Amino acid sequence: MNSAAGSVSEAEAFRAKVRAFLDEELPEDWGGVGKLDHEEADAFAKRWRTTLSQRGFLATSWPVEYGGGGLTELEQVVLAEEFARVGVPTGTMNDLFSIVMIGNTLLHWGTEEQKKHFLPRILSGEDVWCQGYSEPGSGSDLASLSTRAVLDGDEWIIDGQKIWTSGGHLANWIFVLVRSNPDAPKHQGISMLLVPMDQEGVEVRPIKNMGGESDFNEVYFTNARCPKENVLGEVDHGWPVAMTLLGFERGESAATLPIMFRDELERLFDLARENGASEDPIMRAKLADAYIANEVMRFLGQDSLARYLAGHAPGPDAAINKLYWSEYHQQISELAIEVLDREGLVAEGRRPTNTIMFQTDDVGAPSSSASWITTFAIARSGTIYAGTSEIQKSIIGEKLLGLPK
Amino acid sequence: MDPLLDDDQVAYQRGLRKFFDTRWTDDQVRADLEADRPDRDTWRRLASELGVAGLNVPEEYGGSGGAPAEALLVAEEMGRALYGGPYLSTVVLATNAIVLSGDEQAAARLLPDLVSGDKTAALALIENGRDRSSAAAPAATRTGDAWTVSGAARRVIDGADADHLIVEASAPDGPSLFVLDGSGVERVRSEPLDPTRRMASLVLEDAPATLIGRQGQADEIRAALRPLVSLALAAEAVGGASRCVHDTVEYAKVREQFGRPIGSFQAVKHRCSEMQVRLDGARTGVRHAGKVLVDEGEDLALLSSVVKVFATKGYFESAADMVQLHGGIGFTWEHSAHLHFKRAKSLELLGGTHAEHRAAIADVVLAARH
């Protein structure tokens, strides 16, 4: 079978190559990042990114001419699958914003100068990005955003506030949606600006999330500046640029989420066997339901992947998947606390290493009460970020079912 | 568009849908459930024109042999059309049981007419579910080379109308399958929960019968049959649920209250979206199972339990939503919502309850690791 996404036989040959690479680069007793303590995990993440970059496995979706892997869509999926299976990341936490989001958006909308300037700096690690979309007054209704940008000679002057900026404290660049024309209708008059954060007018203040971690932030802009040419796409026409992000990583996540969630569920089953919950008839029924829910995620992922590889534009199936896994994860993490029983009262042992765009604890992580308690709290974010469950249901209702607004 | 079907399957699905759209409209559904005897002509045409009865039957007995994914499409389209003809009884239960028995004589004698649609069959298995009946289950007695069966079988799908009756009965060497010769059988129609699917009780008194397969083979056949039945029921649930989503969404677009279509209210819209998510989960599960039936790449028993529970539960929830979102009209006998509501619940009970399937799933996934 061949498709626009690439040939299956070539992708399988590529799988062998990825496996050989992983065999060669990882120690023999490798059991996933979750086996490392936090310090080791940090050190590994940095080293691993360098290795990926040297071997052409970083920014796999980017064309080779910009330093990317130049992989077909099918190969990207294969790579993500193999990495997820052994429990190694495809980049650092902020690479979701740097490589996947803004890198791919630059490739789609950027001028040649912008691509040549920004892309190599992302790969080298010199530029680390975060995303400036949500505002205190603009969450689900993102297009109502009010951060202003005014052109002053050769520079934009930016005033306003962004919020829920994941990884903002680790970034030195931010892609910001601003209102550049206050007189235009709300979806017009928005521009996408590329703004350096290392300046006086930008202040980052951490917010502690309900898991006790401070991985997201408020970002204040007070007379912040960026060069006039740092607009991505056309001035006042940033909305379609902003929406481009939604299509990225679709194939990868359809392939990797079921693997991560299966790994997590196996950990929960291990815990149940270990503490005897697996002998309790009521818990057995609940764990069977968890398995059913997990399998359905795998089925939905296959459908989504097939659509993606057949070259379909991102559609409401992305909303169905996002709604499904985020709701699933809340149920599973609630069940995990129930399985923990009294142990769930106290957080002990290893905690997850990061809670940015959190999905599950690292592959190989121990089934510690601290891991499950953190997961239990952080799983609440999944139904809020990147479009709440309510927004996803409206998308499904309107775009797929054709119900009126 | 369904990315998990190949071109031939899409064409077959289209043919089935066209058949039901013209031959099995809502009026026909009504007429059939009020008729004394089921419509046989539609079944004969389904068998002869679309080959629905021979998809899992070897060619030597008139079948097309080995098209299990297509067989799931048949069940799905029947679910969508609320068709209650003899597919489940004759094909999924009886025909598969005969094929699984490996009894070549029985196969040669019974299958060609079942495949052509000229004859139908019912299969009465001794069920293990809770039942307050004190009637004795069928038991077989051997006199020389001849067998007779006595006892009662209840809730036999198409038991009053089928041309051949196959019953499970206890025998000296264990539970076995028998095809009844015809005499010594009293058939009593039941009033089924699902009015679109006929059921009956069979009271057997020294009914002459012929053994199918080996004595003591019934447990083995039941075990092999179980995933096929589960998946057929799941597929039917997918079809039924897709109809619930479709009809409910169409109604929400045109029914106006407070000067707006009710589908513009999030309370209604979001409920419709949840119906769609359940449907997609069930549909993709049945598609995946169709592949596994062919490539045998996974534990079929486990997978079929997963898909059966999710699909039939989802159908029931969506049918209940359909009643609710249609308001008063959804509570009437005239509207088809109650037919889905009742069929969905009956699909949950047939082929093993959720509790039984959950227990079976837990046995596998929570088994000690070695």
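Residues are numbered from 1 along each chain as its sequence is written, with chains lettered from A and ligands numbered from 1 in the order in which they are written. Because the model is predicted, local features need pLDDT of at least 70 and side-chain atom pairs count only at pLDDT 80 or more, whereas totals for chains, interfaces and linings use all residues.

Chain A contains eleven helices and ten strands. Helices (H or I, at least four residues) and strands (E, at least two) are DSSP runs, numbered from the N terminus. The C-alpha atoms of chain A fill a box of roughly 70 × 50 × 45 Å along the principal axes. For 405 residues, a compact globule would have a radius of gyration near 22 Å, and the 22 Å of chain A agrees. This radius is taken over C-alpha atoms, and the globule rule is 2.2 Å times the number of residues to the power 0.38. Of the 405 residues in chain A, 49% are buried. A residue is buried if 20 or more other C-beta atoms lie within 10 Å of its own, exposed if 12 or fewer, and partly exposed in between, with C-beta atoms placed from the backbone. Among contacts in chain A between residues at least 6 apart in sequence, 72% join residues at least 24 apart. Two residues are in contact if their C-beta atoms, placed from the backbone, lie within 7 Å.

Chain A is assigned domain 1 (2-92), domain 2 (128-236) and domain 3 (249-400). Such bounds come from an automatic or database domain assignment. The centres of domain 1 and domain 3 of chain A, taken over C-alpha atoms, are separated by 23 Å. Here 20 residues of domain 1 of chain A are in contact with 18 residues of domain 3 of chain A. On the domain 1 side, the elements that give two or more residues are α2 (38-54) and α3 (73-86) of chain A. The largest share of that side, eight residues, comes from α3(A). By residue class, the domain 1 side divides into eight nonpolar, seven polar and five charged. Ala, Val, Leu, Ile, Met, Phe, Trp, Tyr, Cys and Pro count as nonpolar, Asp, Glu, Lys and Arg as charged, and the others, Gly among them, as polar.

Chain B has eleven helices and nine strands. Its C-alpha atoms fill a box of roughly 80 × 55 × 40 Å, taken along the principal axes. A compact globule of 370 residues would have a radius of gyration near 21 Å, and chain B agrees at 21 Å. Buried residues account for 53% of the 370 residues in chain B. Of the contacts in chain B with a separation of 6 or more, 75% involve residues 24 or more positions apart.

The domains assigned to chain B are domain 1 (7-119), domain 2 (123-215) and domain 3 (219-365). Domain 2 and domain 3 of chain B have centres 30 Å apart, taken over C-alpha atoms. Ten residues of domain 2 of chain B are in contact with nine residues of domain 3 of chain B. The domain 2 side of this contact comprises five nonpolar, three polar and two charged residues.

Helix α7 of chain B covers residues 218-254. At 1.5 Å a residue, its 37 residues should span 54 Å, and the 53 Å between its end C-alpha atoms agrees. The expected span is 1.5 Å times one less than the number of residues. A kink of about 35° lies at Leu225(B), shortly before the proline Pro227(B). The bend at a residue is the angle between axes fitted to the seven residues ending there and the seven starting there. α7(B) is mostly covered, with 27 of its 37 residues buried.

Two loop residues of chain B were examined. Leu82(B) lies in the loop between α4 (68-80) and α5 (87-101) of chain B. Its phi is near 55°, a positive value in a residue other than glycine. Leu82(B) is buried, with 26 other C-beta atoms within 10 Å. Glu296(B) lies in the loop between α8 (266-295) and α9 (300-325) of chain B. Phi of Glu296(B) is also near 55°. Glu296(B) is exposed, with 9 other C-beta atoms within 10 Å.

The contact between the chains takes 33 residues from chain A and 30 residues from chain B. On the chain A side, α7 (250-275), α8 (281-309), α9 (316-340) and α11 (389-400) of chain A give two or more residues. The largest share, 15 residues, comes from α8(A). The chain A side divides into 20 nonpolar, four polar and nine charged residues.
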